[in-house]
Amino acid sequence: MGEIHLPHCHCDNENKIIKCMPSVEDCSSMADIFKQLSDGTRLRILWMLCHLEDVSAT
């Protein structure tokens with residue numbers, strides 16, 4: 001990978017930020033999770049699961 005230049009100067013922090021940047025694979029995995037959560041029905045189900053102690057049928 002070649003040298004990366006950010007659009008503005010962070011001085012010494014630029015190299016630290018680049019070293020801590022997630023890998024392409026990690027970003028792809030995160031993007032897949034966000035894609036799955038972008039569906040309204042899935043978000044409603046997740047909301048219910050987070051707010052109900054027991055989601056079993058009675």
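**Salt bridge, patch and helices**

Reply: Happy to. Searching the whole structure, which is a predicted model, turns up 1 salt bridge.

Me: Which residues form the salt bridge, and how far apart are the closest N and O atoms?

Reply: Asp 32 pairs with Lys 35, and their closest N and O atoms lie 3.8 Å apart.

Me: And where do Asp 32 and Lys 35 sit relative to each other in helix α2?

Reply: They are 3 residues apart in helix α2, so about one helical turn separates them. As a reminder, an α-helix has 3.6 residues a turn, so residues three or four places apart point the same way.

Me: Is Lys 35 buried or exposed?

Reply: Lys 35 counts as exposed because its relative accessibility is 56%, and the cut-off for exposed is over 50%.

Me: Switching topic: which residues form the nonpolar patch on the surface?

Reply: Ile 33, Leu 37, Leu 43 and Leu 46 do, and together they have about 310 Å² of accessible area.

Me: Which helices supply the nonpolar patch?

Reply: Both α2 (24-37) and α3 (40-51) contribute, each with at least two of its residues. Leu 37, for one, has its place in helix α2. With 32% relative accessibility, Leu 37 counts as partly exposed.

Me: Let's look at α3, then. How many of its 12 residues are buried?

Reply: The number buried is 0, so α3 lies largely in the open.

Me: What span should α3 have, and how far apart are its end C-alpha atoms?

Reply: At 1.5 Å a residue, α3 should span 16 Å, and its end C-alpha atoms are 17 Å apart, which agrees.

Me: What does Asp 39 reach at the start of α3?

Reply: A side-chain oxygen of Asp 39 comes within 3.2 Å of the backbone nitrogen of Thr 41 there.

Me: Cysteines next. How many disulfides does a search of the whole structure find?

Reply: That search gives 0 disulfides. Cys 20 counts as exposed, with 64% relative accessibility, and Cys 50 also counts as exposed, at 57%.

Me: Last bit, the overall picture. How many helices and strands are there in the protein chain?

Reply: The protein chain has 3 helices and 0 strands, and reading along the sequence gives the pattern α-α-α.

Note on methods:
Residues are numbered from 1 along each chain as its sequence is written. This is a predicted model: local features need pLDDT of at least 70, side-chain atom pairs count only at pLDDT 80 or more; totals for chains, interfaces and linings use all residues. Side-chain values use heavy atoms; hydrogens and water are left out. Patches are made of residues with over 30% relative accessible area and no salt bridge: like charges are joined within 9 Å, nonpolar side chains (Val, Leu, Ile, Met, Phe, Trp, Tyr) within 5 Å. Accessible areas come from the Shrake-Rupley method with a 1.4 Å probe; for residues, only the protein chains shown count as cover. A salt bridge is a side-chain nitrogen of Lys or Arg within 4 Å of a carboxyl oxygen of Asp or Glu. Helices (H or I, at least four residues) and strands (E, at least two) are DSSP runs, numbered from the N terminus. Buried means under 20% relative accessible area, exposed over 50%, partly exposed in between (1.4 Å probe, protein chains only). The expected span of a helix is 1.5 Å times one less than its number of residues. A polar contact is a pair of N or O atoms within 3.5 Å; within protein, one must be able to donate a hydrogen and the other to accept it, and residues adjacent in sequence count only if both atoms are side-chain atoms. A disulfide is a pair of cysteine sulfur atoms within 2.5 Å.
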